[in-house]
Amino acid sequence: MYDLVITGGRVALDEGWADCDIGIANGRIAALGRGLRGAAIIEAAGRWVMPGGIDAHCHLDQPTWGGVDTADDFSTGSVSAAFGGTTCIVPFAMPGPGMTTLAALDRSLACAGGRSVVDYGLHAVFTEATGSDVESQLDRLAARGVPSVKAFMTYRGFAVSDDLMLAIMDGARPRGMTVMVHAENDAGIRRTTGRLVALGRTGFRYHAVAHAEAFEREATHRAATLAEITGARLVIVHVSCAQSAEEVRRARGRGADVIAETCPQYLLSTAADLDGPPQEAARFIFSPPPRGRASQDALWQALSTGDIALWSSDHSPYRMADKIAPASEPSFTTAANGVPGLETRLPILFSEGLLSGRLTLARYLALAGQAAAMLYGLDDRKGRIAVGLDADLVLWDPDARWQVRHEAQHSAVDFTPYEGLWLTGKPTDVLVRGRFVIRDGILHDATPTGQFLPRHAVPADPARRPIEETTPWLEA
Ligand code: DUC
Ligand code: ZN
Ligand code: ZN
């Protein structure tokens, strides 16, 4: 007798669709089969039972920077995630001005503790303020279950030099840690922003010029090359355009362990969306910016082949007033960068990826969370429907036809970039470790029982060696 049995649904397993029951005991999936008996039974006829999603790139309760803070904390952000079928999140422990990496981790753990309705891990962030003892800091992060660190190639106060990037990668590889990079050419952005300002071109449309594709392509190529030099595992976060996706594909072709992530905003909006009145255009201010239709096609293609391995929201919950700033003269140079997306990430993938036929079930499952679980050291607990794993499950009504409306979303941000978008398929019931958080489309239990998940390191592929350990003339 199981604590709970879900019966009658169409279940998404690794090997494909199955008509089976799911038996849950002590918060874990205990059995997959027919005729299972449970203390409680959930009838799922007509619904699809999918693994809970993992959103491994989001920003919650970040320290105030330049007077701007994030609207969502771990409470509102995690409820929003749950309504969107995401049962596990990995936000960034972002440092405030001058804050060290480890102090930022302590701060984020304190912010998250006792607030989240879904389970969560944290990524660390290295900046020039991190200090020179990179290796000992990596040791301390790994010991605390944080085997992934992000570094920025742009933004004052954040951008790291190539030297520091190499040191981070050199330290990460032997520890089985993953380096995540925001790849844009900083000097190019600063130079072009300065010239646009001098020309009086500060409207939101110029955001796409100041962050042109060439800047992203160059930085992606450089970061990938640094990964090749060190043998490190590298994730290029928020790949926005065909040129950057192509750089990742080429680096992988050379044997480098470089992985691409993209986000829904790059598939559903274009630079033309920045061209409207400020109130409208502000909904599409994020970095890198939206691109053109050809990039959208290339990104869908790369998602379908696996050349892009990760699908994350980059949920960056900044309010409209912080985007339209100053209100008297909105400017791309002062607008807060980022859009909400925790709640829409998976429904967009379900509707526009799986149901549209762009993605197979296997690709959908990989992008929904399986790939993130494996890459970020969560696969022993999360990411699939399999015996022994946490009972993080989502029941979807595959026929529900609905329109995204900001008023119906649960983030504390005051807009969505997807206002009015029609989608098919909606989560109706969401369980985290066997407990209902959402039931029949309603918040069933807001008790913040989400746990911090210490993640395991993922050893580097021994074939990917630092360049000084290779002897190409002997191997030719
Ligand atoms: N990069 C992110 O990863 N998130 C928000 C803004 C940014 O530039
Ligand atoms: Zn970024
Ligand atoms: Zn981000």
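User: What makes a charge count as sitting over a ring?

Analyst: A charge sits over a ring if NZ of Lys or CZ of Arg is within 6 Å of the ring centre and within 35 degrees of the ring normal. In this predicted model, the charged end of R10 sits over the ring of W17, 4.2 Å from its centre. The charged end of R358 is placed over the ring of W300, 4.6 Å from its centre. Because the model is predicted, local features need pLDDT of at least 70, and side-chain atom pairs count only at pLDDT 80 or more. Side-chain values use heavy atoms, and residues are numbered from 1 along each chain.

User: Why are W17 and W48 called a tilted aromatic pair?

Analyst: Rings of Phe, Tyr and Trp (its six-membered ring) pair if their centres lie within 6.5 Å; planes under 30 degrees apart count as stacked, over 60 as edge-to-face and the rest as tilted. For W17 and W48 the values are 4.9 Å centre to centre and 55° between the planes, hence a tilted pair. W17 lies in strand β3 and W48 in strand β7, so the pair ties together parts that are 31 residues apart in sequence; strands are DSSP runs (E, at least two residues) numbered from the N terminus.

User: Why is W48 called buried?

Analyst: Buried means under 20% relative accessible area, exposed over 50%, and partly exposed in between (1.4 Å probe, protein chains only). W48 has 15%, so W48 is buried, whereas W17, with 30%, is partly exposed.

User: Which residues do ring pairs link into a cluster with W17?

Analyst: Ring pairs join W17, W48, F350, Y364 and W396 into a cluster.

How values were computed: Chains lettered and ligands numbered in written order. Helix = DSSP H or I, 4+ residues; strand = E, 2+ residues; numbered from the N terminus.
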